[in-house]
Amino acid sequence: MRITLQGLAARHPAAAAASPPALKPLTLTIAPGEQVAIIGPSGAGKTTLLYALACALEPATGRLELDGVDPWLLSVAQLQKLRGRLFLAPQTPPLPPRQRVITAVLAARLPQQSLLASLRSLFYPTHIAEAEAALTRFDLAGKLWNRVDRLSGGERQRVGLARALISKADLWLVDEPLSSLDPSRAILAIDALTQSARDCGATLITTLHQVDVATRFPRVIGLRDGELQFDLLAHEVTPERLAALYAQHEHELLGAPPAPGDDGADGKPAAAMYCR
Ligand SMILES: Nc1ncnc2c1ncn2[C@@H]1O[C@H](COP(=O)(O)OP(=O)(O)OP(=O)(O)O)[C@@H](O)[C@H]1O
Ligand SMILES: [Mg+2]
């Protein structure tokens with residue numbers, strides 16, 4: 001999916017309508033199939049940008065085009081159809097209690113199915129082999145029938161990524177997918193995500209706090225205080241540029257370790273999982 005932003009400014013989804021836009025006017029183009037990491041200190045506007053791209057919030061000013069179409073000029077039905085081509089994995093998504101992994105993963109397909117097929121799949125899951133293959137990519141083979149609220153935080157996060165494969169969306173928008181993963185798991189998960197997006201021909205945009213992981217993406221966008229600081233190929237992201245991006249926020253460059261209990265199947269309740 002081709003993305004064009006022309007002077008697009010946006011407010012955080014939870015911000016008051018009268019507040020100044022957290023994301024200041026931004027102009028850029030992302031080609032179909034590109035893989036882009038968005039980095040920057042906390043509060044830079046990364047999540048706001050992702051939600052604007054997901055058509056989850058209307059631009060305060062400027063224009064968004066997805067495959068040459070301004071989503072905000074579409075009818076409600078057309079916008080709904082377009083949203084079916086987008087997969088947004090929020091950082092802290094809602095989790096239906098006691099849902100099984102299979103149901104959570106296959107829910108990603110719902111926007112593409114008829115109501116009848118969706119209801120049927122809740123009771124008689126179809127596409128089981130597909131869901132299992134997606135989970136296997138994220139080292140979750142054998143977890144298909146587990147309850148999601150009995151997985152570790154890191155396992156839940158990886159289930160969330162496996163959902164992208166099932167979604168059949170053209171644009172994957174993933175908000176901080178690695179916050180509960182230890183560094184080696186994080187690398188494996190992001191490599192599986194980028195490879196899966198390539199296999200599906202999807203455009204992938206991910207916000208990240210781990211700059212070492214971000215530079216595994218071909219293109220890296222740096223945001224600070226709602227403004228574009230750089231838009232570079234990974235090899236152009238020098239330590240000097242990172243230092244400028246994170247000035248006065250140097251502790252964020254080091255990255256926070258996973259929270260205790262994360263990515264270990266300890267059965268503790270943790271962050272809710274995205275239900276598309
Ligand atoms: N709940 C909220 N209500 C109102 N305004 C908010 C809220 N959350 C964030 N904002 C505003 O939006 C700005 C951008 O927030 P956003 O969540 O997009 O940043 P971010 O780069 O994703 O940060 P983080 O790395 O912490 O996730 C913030 O600096 C703040 O001014
Ligand atoms: Mg954020």
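Modeller: In the largest nonpolar core, which has 50 residues, the members that touch the most others are I39, L135, F138, W172, L178, L193 and L208; such a core is a set of buried Ala, Val, Leu, Ile, Met, Phe, Trp, Tyr and Cys residues joined through side-chain atoms within 4.5 Å, where buried means under 20% relative accessible area with a 1.4 Å probe, protein chains only. Apart from this core lies another, of 31 residues, including I30, A44, L57 and L66. The model is predicted, so local features need pLDDT of at least 70 and side-chain atom pairs count only at 80 or more, while totals for chains, interfaces and linings use all residues. Residues are numbered from 1 along each chain as written, chains are lettered from A and ligands numbered from 1 in the order written, and side-chain values use heavy atoms, without hydrogens or water.

Beyond its neighbours within four places in sequence, L208 is in contact (heavy atoms within 4.5 Å) with A37, I38, I39, K46, P177, L178, I190, V213, A214 and F217. Q157 lies in helix α6, residues 153-167, helices being DSSP runs of H or I with at least four residues and strands runs of E with at least two. Q157 counts as buried because its relative accessibility is 14%.

I38, a contact of L208, also belongs to the lining of the second largest cavity, together with L5, L28, I30, L49, L53, I205 and I221. A cavity is a set of points on a 1 Å grid over the protein atoms alone where a 1.4 Å probe fits but cannot get out, and lining residues have an atom within 4 Å of a point.

In the loop between α1 and β4 (61-66) sits C55, which counts as buried because its relative accessibility is 0%; although not a glycine, C55 has a positive phi of about 60 degrees. Over the protein chain of 276 residues, 49% count as buried.

Key. On a 1 Å grid over the protein atoms alone, a cavity is a set of points where a 1.4 Å probe fits but cannot get out, and a pocket is an open set with protein on both sides within 12 Å along at least five of seven lines; lining residues have an atom within 4 Å of a point.
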